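Thanks for coming. I have one structure to go through today, and I will keep to a few spots in it.

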Amino acid sequence: MAAATRGCRPWGSLLGLLGLVSAAAAAWDLASLRCNFGSFCECDFRPDLPGLECDLAQHLAGQHLAKALVVKSLKAFVQDPAPTKPLVLSLHGWTGTGKSYVSSLLAHYLFQGGLRSPHVHHFSPIIHFPHPSHIERYKKDLKSWVQGNLTACGRSLFLFDEMDKLPPGLMKVLQPFLGSSWVVYGTNYRKAIFIFISLVPHDFSNTGGEQINQVALEAWRSRKDREEIGLQELEPAISRAVLDNPHHGFWRSGILEEHLLDAVVPFLPLQRHHVRHCVLNELAQLGLEPQEEVVQAVLDSTTFFPEEEQLFSSNGCKTVASRIALFL
């Protein structure tokens with residue numbers, strides 16, 4: 001049963017929210033939380049799906065597909081008392097469109113400790129896997145880390161950031177954990193959640209008109225409502241682009257080839273009115289009334305692409321907080 005709603009928080013600075021991940025709770029005694037095999041330990045897993053839906057509806061700008069896919073996938077997974085496999089989501093989109101924000105919200109609304117929970121694990125290629133030449137050691141370490149933490153708590157969340165920068169071949173060690181087998185290496189893992197985050201470049205020249213930004217651009221050019229863009233227009237192109245990219249973390253991992261992803265979640269590029277929404281959210285977080293001159297100054301200092309249309313923010317909402325500080 002879901003915990004009492006923790007409520008919709010003001011959006012605030014994404015950097016501040018994500019900064020909590022570095023404060024992983026070393027003081028927690030994992031041994032005291034260790035589950036007996038087969039006992040489906042919930043640990044501090046306290047899902048608040050109404051709170052998550054509320055936060056997404058109020059603060060995630062311009063992402064109708066992401067909102068719907070994330071909520072639908074989570075509801076089905078959380079409400080299933082005995083899922084047949086872990087929940088595996090792959091988030092794709094240009095910088096500043098909300099991928100990291102959504103992953104941080106999942107931690108906040110699924111675990112009582114949020115990003116501080118010892119059962120939320122965040123991996124960054126720059127921090128954890130910086131040297132491609134050490135790939136074999138990284139494989140052993142990652143397998144051991146995932147297996148050990150799933151033994152400590154079957155309800156664990158694993159976040160893999162910047163999949164486009166991960167050493168190819170590393171993710172292959174995760175393949176056994178993502179399928180529908182009952183156990184792997186003596187560990188029950190079917191209630192775990194895996195989130196993969198990938199950056200999609202905004203270069204239109206080599207995507208064949210099929211990448212996320214190109215689809216959004218063509219919709220705008222044809223005067224098609226953005227909300228009418230469907231997953232069927234994007235998912236095949238995303239999967240194909242990842243499979244054909246030897247520098248992506250999914251390269252020959254078996255994860256896409258074996259159809260282990262439960263959902264490919266596209267994040268559309270943000271337009272001017274979406275950035276305005278982000279500015280107003282940030283001002284509210286600072287306890288300030290809407291200031292049109294500040295909003296306009298931030299918009300005027302933001303770079304938009306493509307060059308001809310000047311339609312999409314090149315940094316999404318990523319630099320909104322820092323830009324606001326310049327104009328207050």
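Ser-314 counts as buried, because its relative accessibility is 12% and the cut-off for buried is under 20%. Keep in mind that this is a predicted model.

Where does Ser-314 lie? It is in the loop between β7 and α13. Leaving out residues up to four places away in sequence, Ser-314 touches Trp-94, Thr-95, Thr-303, Phe-304 and Phe-305. There is also Thr-97, which is 217 residues away from Ser-314 along the chain, with 9.9 Å between the two C-alpha atoms.

Now to α11, which runs 272–285. This helix has 14 residues and spans 20 Å from first C-alpha to last, close to the 20 Å expected at 1.5 Å a residue. Which of its residues are buried? They are His-274, Val-275, Cys-278, Val-279, Asn-281, Glu-282 and Leu-283. On spacing, an α-helix has 3.6 residues a turn, so residues three or four places apart point the same way. The cover over the buried residues of α11 includes β7 and α13, the two elements on either side of the Ser-314 loop, as well as α3 and α12.

Past the end of α11 comes Gly-287, with a positive phi near 80 degrees. Leu-286 is in the loop between α11 and α12. Leu-286 is partly exposed, at 44% relative accessible area. Together with Leu-288 and Leu-328, Leu-286 makes a nonpolar surface patch of about 260 Å².

That is what I have.

Terms used:
Residues are numbered from 1 along each chain as its sequence is written. This is a predicted model: local features need pLDDT of at least 70, side-chain atom pairs count only at pLDDT 80 or more; totals for chains, interfaces and linings use all residues. Side-chain values use heavy atoms; hydrogens and water are left out. Patches are made of residues with over 30% relative accessible area and no salt bridge: like charges are joined within 9 Å, nonpolar side chains (Val, Leu, Ile, Met, Phe, Trp, Tyr) within 5 Å. Accessible areas come from the Shrake-Rupley method with a 1.4 Å probe; for residues, only the protein chains shown count as cover. A salt bridge is a side-chain nitrogen of Lys or Arg within 4 Å of a carboxyl oxygen of Asp or Glu. Helices (H or I, at least four residues) and strands (E, at least two) are DSSP runs, numbered from the N terminus. Buried means under 20% relative accessible area, exposed over 50%, partly exposed in between (1.4 Å probe, protein chains only). The expected span of a helix is 1.5 Å times one less than its number of residues. Contact means heavy atoms within 4.5 Å.
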